[in-house]
Amino acid sequence: MTETVTLQVDGKTYQLPLVQGTEGERAIDISRLRAETGLITLDPGYGNTGSCESAITYIDGEQGILRYRGIPIEQFENNPNFVEVAWLLIFGKLPSPAQYDRFSEALTNKANIDESMTHNFQGFPRSAPPMAILSAMINALSCFHPEFRKVDDLDQLEAVAARLISKIRTIAAFAYRRSRGKPIMYPDPKLRYVANFLHMMFSQPYEEYICDEVTQDAINLLLILHADHEQNCSTSTVRMVGSSQANLFTSCASGVSALWGPLHGGANVQVLDMLNRIHKGHMSPEEYVRRAKEKDSSERLMGFGHRVYKNFDPRATVLQRIAERLFEKMNKKDPLLDIARKLEEITLNDSYFLERKLYPNVDFYSGIILRAIGIPTNMFTVIFAIGRLPGWIAHWAEQNGTPNARIARPRQIYTGHPKTDYVSLLKS
Ligand code: ACO
C-alpha cells in the first residue's frame, strides 16, 4: 500500500502519496495538490522541490556522496576516461569494448563543423566572451543538422550525442582562437578526445602542441567530475527547454547560457580573481574571509558553499589531490595554491563557515588546475560546459524518453496590484 502524509486545510483532510527513491530519499507527491485543494506550493529557488524522477545521478549532500549511474565518482580517479563516462551517463551502463570503439570513432569522424559555420566566428568581436560564442554556435548546429531535430531511438541518440560531444570541443577551441586572432587549427583524427582539444587550442601551423599523459589525465578527470550533478541550474534549464520538445542542440545551448552565471559555472573564474587579488597584496586571506562574513557584504568567499552539499563536495576532494599531483609532476609551485590552502584552513576553523556548512566546492580547485595547464581564464567555464554536456544530453534524453512527459510550467503567487483601471497619464 502507498504510504501517505496527511494535509489538513480549511477543515478538510487530504492524503498525499509519499514517493521513495532507490537510496531511501522520500518526497511528497503533490502532483494532484492543486486539482484537489486549489493550493500550490511556494518554494523560491526550488530548494525543496523535486522536478522529476531521474535514474542518472545520485547525490547525498549531507554525506558528500556523488555517484553516476550508481558508481562513486572517486572510482574514476585512477583511470580517467571522459568518453567512457559520457556513454555511461547517456546510456545508463558502461560501454562494451565494441560500443566504446564505435562511439570514439564517431567522435573522431564528426569533430569538424560545417565549413560555413567556421565563417560565423568572424562575425563576433574579438572581445566576445567564449561562453556567448559557444551558446550561439551550439544553437546554430540545429540549423546544420535538421535530421536530429527529433530523436526517436537509441541509434539516433548515439549519433547526435557523438556529434555534439565532439563538436563542442571544436567550437570551444575555435572561439578561443578567434579571441586571440589566431588561425583555426582543425581537429587531428590521430588524437584522442582531450589531446585533440588541446591541439586545437594550442598548436600553431607547423608547430604541434604535445600534451603529456599527466595533463591529459587531469583534464579527463576534471571533465568527468563536472559531467553531471542532477538538477542543478543549467541541467534544469536544459530539461525545462527540452520539455517543450525543443531539439537537443537548442536545449543544450540554453544550458550553456545558464552555466555562464557567476553563481554557477562562472564561479571558478571568480575564485581565481579572488586568489589573485589576495596574492597581489590587496588584502590578506584573513581580511578577505572577514569581509565575506559581513552581513551585507557584496563579497563572498568564492568556491565555498553549495546549495546541495552541506559537507565536503566530493569533487573538490578529488580535485585537490589532482592539483597536488599535477604540481608535483610539473615540479611547479603556485602561490595561488598556497593561498587556497590557507583559505581552506581558516574556514575549517571558523564558526561562521562551520555553522552554515560552507565547504570548498568543485570550483575552488578547478581554476588552479586549469591555470597550471595553461588554459586561459576566459575558457574556464567553457571547459566546465564541455564536461557537463554528457549530463545535459542524458537528462534531455531521459525526459525525451518519458512517456506522457508534460511541458514544465511552474506557477506563482501573484503579489502585484489588485485590478486597476487603465487611466492614461499621456496627454490625449
Ligand atoms: N561566502 C560567505 N558566505 C556565504 C557563502 C560564501 N561563499 N555562501 C553562502 N554564504 C552564507 C550566506 O550569506 C547565508 O548566510 P546567512 O544565513 O547569514 O544569511 C548562508 O551562507 C546561506 O547562503 P545561501 O546563499 O542561502 O545559500 P545557497 O544555497 O542559496 O547558495 C551558493 C549556494 C550560491 C553556491 C553560495 O554558497 C555562493 O554564492 N557561493 C559562492 C559562489 C560559488 O562558489 N558558486 C559555485 C557553486 S558550485 C557550482 O555551481 C558548480
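How much space lies in the largest cavity? The figure for the largest cavity is about 40 Å³. The model is predicted, and the values here were computed from it. Rolling a probe the size of a water molecule over the atoms shows where empty space is left. The count comes to one cavity of 30 Å³ or more.

The residues around that space can be named. R169, Y193, V194, F197, I219, L223, I383 and I386 line the largest cavity. By class, this lining has seven nonpolar residues, no polar ones and one charged residue. Helices α7, α8 and α17 (380-400) each supply at least two residues of the lining. With three residues, α7 gives the most.

About 370 Å³ of space lies in the second largest pocket. It is lined by 21 residues, and N81, V83, Y100, R192 and Y193 are the closest to its centre. Y193 also belongs to the lining of the largest cavity. Four helices, α2 (82-91), α3 (97-109), α7 (193-202) and α8 (213-225), each supply at least two residues of the pocket lining. The lining of the second largest pocket divides into nine nonpolar, six polar and six charged residues.

Of the 20 residues around the ligand, R300, L301, G303, R307 and Y352 come nearest. This shell consists of ten nonpolar, five polar and five charged residues.

Which residues place a polar atom by an oxygen atom of the ligand? Among them is R307, with an N or O atom of its side chain 2.8 Å from a ligand oxygen. G303 uses its backbone instead, where a polar atom is 2.9 Å from an oxygen atom of the ligand. For K295, a polar side-chain atom lies 3.4 Å from a ligand oxygen. On its own the ligand has 920 Å² of accessible area, and the protein covers 75% of this.

The last topic is charge pairing. Side chains of opposite charge can pair when their charged atoms come close. In this model the count comes to 21 salt bridges. One of them joins E23 to R67, with the closest N and O atoms 3.0 Å apart. Why does this pair tie together parts that are 44 residues apart in sequence? It does so because E23 lies in the loop between β2 (12-20) and β3 (26-28), whereas R67 lies in strand β5 (residues 65-68).

Conventions. Residues are numbered from 1 along each chain as its sequence is written. This is a predicted model: local features need pLDDT of at least 70, side-chain atom pairs count only at pLDDT 80 or more; totals for chains, interfaces and linings use all residues. Side-chain values use heavy atoms; hydrogens and water are left out. A residue is near a molecule or strand if one of its heavy atoms lies within 4 Å of it. A polar contact is a pair of N or O atoms within 3.5 Å; within protein, one must be able to donate a hydrogen and the other to accept it, and residues adjacent in sequence count only if both atoms are side-chain atoms. Accessible areas come from the Shrake-Rupley method with a 1.4 Å probe; for residues, only the protein chains shown count as cover. Ala, Val, Leu, Ile, Met, Phe, Trp, Tyr, Cys and Pro count as nonpolar, Asp, Glu, Lys and Arg as charged, and the others, Gly among them, as polar. On a 1 Å grid over the protein atoms alone, a cavity is a set of points where a 1.4 Å probe fits but cannot get out, and a pocket is an open set with protein on both sides within 12 Å along at least five of seven lines; lining residues have an atom within 4 Å of a point. Grid points are joined across faces, edges and corners, and a volume is the space filled by probe spheres set on the points. A salt bridge is a side-chain nitrogen of Lys or Arg within 4 Å of a carboxyl oxygen of Asp or Glu.
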